[in-house]
Amino acid sequence: MGCLARGQTPTSVPATLVLYAAYQAHDDIMSPVRGFAGAAARALASLPPGVADQLGVRTIAASYEMLSRAQFTHERPPFGITSVRSGGRAVQVEEQVADATPFCSLLHFAKDTPSPGPRVLLVAPLSGHFSTLVRETVRTMLRDHDVYLTDWHNARDVPVAAGRFGLDEYTDHVIAFLGMLGPGAHVVAVCQPCVPVLAASAVMAARADPARPSSMTLMAGPIDARVSPTAVNELATSHPVEWFEQHVLDTVPGRYAGGGRRVYPGFLQVTAFLRMNPQRHLRSHMQLYRDLVSGDTVSAQTTKTFYDEYFAVLDMASEFYLETVERVFQEFALAAGTYTHHGEIVDPTCITRTALLTIVAERDDVCGVGQTLAAHDLCTRLKPFRKKHHLQAGVGHYGVFSGRRW
């Protein structure tokens, strides 16, 4: 889920700047093919039961459906959280936009209760997927908290006139949203945002901002990527930042609102993720095909729901991508004491009142064990009773914020 993924090698992407146009042309060509396949699958499923249930018909229908699903999508899926168990009863939830910028919407999952719980800003990762990646994090936290979420926008939909978006601007968003929540709020960062969230907390502490968070939870994020490096970290240090600029960035086609903006395309990121575990994804799709043929609709729907989310991709602004590669994964700037916010050094020792909780996964192959724990070494003026660390045994990266253990 980091800004880099294992399997992205010098031969993964040509050094030309036409990749986005080629991807778009292929997607346009395949669109009517997928449409026909989807219509054919639905037509076969609507045949009379005695016919539709025949093995040969189910096999053909399953083949058509698999073809119709062969695509990436570029719009955020719905969260679909309309109610939650809170205080021992079912409480209605309404998704509201509390604030918005060209690059992000601050979503409020407003509960229909006079006591929604402590306010918490959940900062979702900006790493090729939409914020719905943390849907289960939101759903679980809603039981006891008043949850706000950063819903990052697809950079290809942001006009060039909206300006740049790099790590400084990302940090500005966190500071502004915490300011909107007001004093007493808490902040939780999942993976990639751990660095800018810690930076935002330090900046707010240095300013004695009354809205600085009461607590800061950092979950599986690269505070110090030198510790227990993974394949993701090794890739980031295997090439100078200029290589990434030349080989993985491209320009958004003019047909979109962000036409002309330089981005790291989401379809590249997710393709790289797929290459991290190709056999697992192949097995999942083979099992989906078998479930469709056998009529196991429950198992098939579970797999389809997962991949509907997984294949929903967003582009990242080039400034944000390159600065993350350089400052987080190559210079280790926060841990090295050279991390800046609008030219000013960020000093984590200014944090004295914001309680710190770090959470990592025992089997994390994206963010190595110890990288997040490094936050404790940076916040040296925090009293021991304001610090806590948790290692979740038996889970990988996603198990930190989703799944049964979460």
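Helix H3 (residues 55-68) and helix H10 (residues 278-294) cross at roughly 140 degrees, and their axes come within 8 Å. That makes H3 oblique to H10, a class for angles that are not under 35 degrees (roughly parallel), over 145 (roughly antiparallel) or 65 to 115 (roughly perpendicular). This is a predicted model: local features need pLDDT of at least 70, side-chain atom pairs count only at pLDDT 80 or more, and totals for chains, interfaces and linings use all residues. Residues are numbered from 1 along each chain as its sequence is written, and side-chain values use heavy atoms, leaving out hydrogens and water.

**Helix crossing**
- The crossing of H3 and H10 is right-handed (near helix turned clockwise from the far one by less than a right angle; anticlockwise is left-handed).
- Axes are lines fitted to C-alpha atoms over the stretch in contact, with angles from 0 to 180 degrees between N-to-C directions.
- Helices (H or I, at least four residues) and strands (E, at least two) are DSSP runs, numbered from the N terminus.

**Largest pocket**
- The largest pocket holds about 800 Å³ of space.
- A pocket is an open set of points on a 1 Å grid over the protein atoms alone, with protein on both sides within 12 Å along at least five of seven lines; a cavity is a set where a 1.4 Å probe fits but cannot get out; lining residues have an atom within 4 Å of a point.
- A volume is the space filled by probe spheres set on the points, which are joined across faces, edges and corners.
- Of its 26 lining residues, Leu-133, Phe-306, Tyr-310, Tyr-398 and Ser-402 are the closest to the centre of the largest pocket.
- Helices H4 (135-141), H9 (266-276) and H11 (297-310) each give two or more residues to this lining.
- H11 gives the most, with five residues.
- The lining has 11 nonpolar, eight polar and seven charged residues (nonpolar: Ala, Val, Leu, Ile, Met, Phe, Trp, Tyr, Cys and Pro; charged: Asp, Glu, Lys and Arg; polar: the others, Gly among them).

**Cavities**
- The whole structure has four cavities of 30 Å³ or more.
- The second largest cavity holds about 50 Å³.
- Its lining includes Phe-103, Trp-152, Asp-315 and Met-316.
- By class, that lining has seven nonpolar, one polar and one charged residues.

**Sheet**
- Three strands form an open sheet in the order E8-E9-E10, with antiparallel pairing (at least two DSSP bridges between paired strands).
- Strands E8 (250-251) and E10 (316-317) are the edges, each pairing on one side only.
- Two bridges join E9 (residues 262-264) to E10.
- Tyr-264 stands opposite Met-316 in E10, and Met-316 also lines the second largest cavity.
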